[in-house]
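Me: I would like to learn how to read some features of a protein model. Please start with the words I will need.

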Amino acid sequence: MSVNRPRKIIVIILAFLMVSIATPAPALAQDGVDPLRESERILTNLYSKISPSVVSIRVDQLINGQFQEWSGGSGFVIDSNGNIITNYHVIDNADRVVVSFIDGTITEAEIIGMDPHSDIAVIRVDLTSDKLVPLPMADSDSVIVGQTTLAIGSPFGQDWTLTTGVVSALNRQITSLSSFEIGSVIQTDTAINPGNSGGPLINLDGQVIGVNTQILSELRASSGVGFAVPSNLVERVSSELIEFGEVNYGYIGIDGEDITLDYMQDLSLPNDLQGVVVLRVSPGEPAEIAGLIPPRTNNQRNGRSSFISADIIPAINDYPIRGIADLLGYTATYTRPGDVVQLTVFRNGEYISLDLELGMR
């Protein structure tokens, strides 16, 4: 046994050396840069650059003659005049809005304008320009699924928290604080929780691609499905709130729905046709005046009424409309009341064009 023991030790040492040689070292880029370290460097630099622009918002209500904290959220600076974007629902019913910056500055903000249709609001602080670091806006039409995203805000009151993720989907539709819904919304798996509302969703260039506004969760906590109002709509809304104190939206005057298999089968539609099925045309409103026609149905088939005919909108001003979220997003972002738009309509197997003068919501 004394003869065999050293041999076993040598075998074990050789086996260990072979495993060590076979185990690859952490992968490095061709230039010798560790990708993980490079990713860390990018995130830390972005946080240092962006966090001075992000604010924590506290909403107070006047109760029995005293201000008491009611709720909170996030926001971010958009110009050197002290204008800050946040959500409508963050400051709704506020008697006082208190804004805090990462350098310790605390000040009261004035409410400039609020828009329930987009859930966007603008507040303003009276600070010198050296205290204000505006965030640039990205073109949200160029956002793609899989793009890296960052959120900085105050989830559960934990100020200036950084979370990361990706754009997980586009062209979502979410409820607003009015009877109209918000279209072309960005979906992200970046962790968003109560208190993140009103804060920026940011790309790797340090630009705002959206304003974090809602989550989809039964637990009131992040489940990987968060939503942000797209930056192009935010820019339109914030500029009008600053200039006019309100936003006026174009109005078509229909109820619509995405194309489903039932509609395809009823109307013998091409199976690759995308658009909005017109379900109702409001009497006397722009859609009826322009010539859109309500659908016709026949008796029950398979427990439901089947469609004999229906107008379908696959484009507006040559902008492709894949569903109702696209139609809502386009009209809210790129049109105004009184604008004349060209609707492409698929009717009875043919494409026609209708000119429609938008009304006002």
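Reply: For residue classes, Ala, Val, Leu, Ile, Met, Phe, Trp, Tyr, Cys and Pro count as nonpolar, Asp, Glu, Lys and Arg as charged, and the others, Gly among them, as polar. The model is predicted, so local features need pLDDT of at least 70 and side-chain atom pairs pLDDT 80 or more, while totals for chains, interfaces and linings use all residues. Residues are numbered from 1 along each chain as its sequence is written, and side-chain values use heavy atoms, leaving out hydrogens and water.

Me: What volume does the largest pocket have?

Reply: A pocket is an open set of points on a 1 Å grid, where a 1.4 Å probe fits and protein lies on both sides within 12 Å along at least five of seven lines; lining residues have an atom within 4 Å of a point. The volume is the space filled by probe spheres set on the points, joined across faces, edges and corners. Here the largest pocket has a volume of about 400 Å³. It is lined by 18 residues, and Phe180, Ile254, Asp255, Ile324 and Leu328 are the closest to its centre. Strand E13 (250-251), strand E14 (254-258) and helix H7 (324-334) each give two or more residues to this lining; helices (H or I, at least four residues) and strands (E, at least two) are DSSP runs numbered from the N terminus. H7 gives the most, with 4 residues. By class, the lining has 7 nonpolar, 7 polar and 4 charged residues.

Me: Why is H7 described as largely enclosed?

Reply: Buried means under 20% relative accessible area, exposed over 50%, and partly exposed in between (1.4 Å probe, protein chains only). In H7, 10 of the 11 residues are buried, so the helix is largely enclosed by the rest of the structure. Among them are Ile324, Leu327, Leu328 and Tyr330.

Me: Which strands make up the closed barrel that contains E1?

Reply: Strands of a sheet pair through backbone hydrogen bonds, either parallel or antiparallel. Two strands count as paired if DSSP finds at least two bridges between them. A closed barrel of 6 strands runs E1-E2-E3-E6-E5-E4, with antiparallel pairing. Its twist averages 40 degrees from one strand to the next.

Me: In what order do the strands of the barrel with E7 run?

Reply: That closed barrel of 6 strands runs E7-E8-E9-E12-E11-E10, also with antiparallel pairing. E10 (residues 200-202) and E11 pair over 3 bridges, where Leu201 is the bridge partner of Gly210. The two form a hairpin with 5 residues between them, and Gly206 in the turn has a positive phi of about 75 degrees. E11 (residues 208-215) is mostly covered, with 6 of its 8 residues buried. E11 pairs with E12 (residues 226-230) over 5 bridges, with Ile215 partnered by Gly226 and Val211 opposite Val229.

Me: Across which strands does helix H4 lie?

Reply: Contact means heavy atoms within 4.5 Å. Angles run from 0 to 180 degrees between N-to-C directions of lines fitted to C-alpha atoms, for helices over the stretch in contact. Helix H4 (residues 231-244) lies across E3 (83-87), E5 and E6 (120-125), at about 50 degrees to E6. Helix H2 (residues 35-50) lies across E7 (148-153), E8 (161-175) and E10, at about 40 degrees to E7. H7 packs on the sheet, touching E8 and E9 (181-188), and its direction makes about 110 degrees with that of E9.
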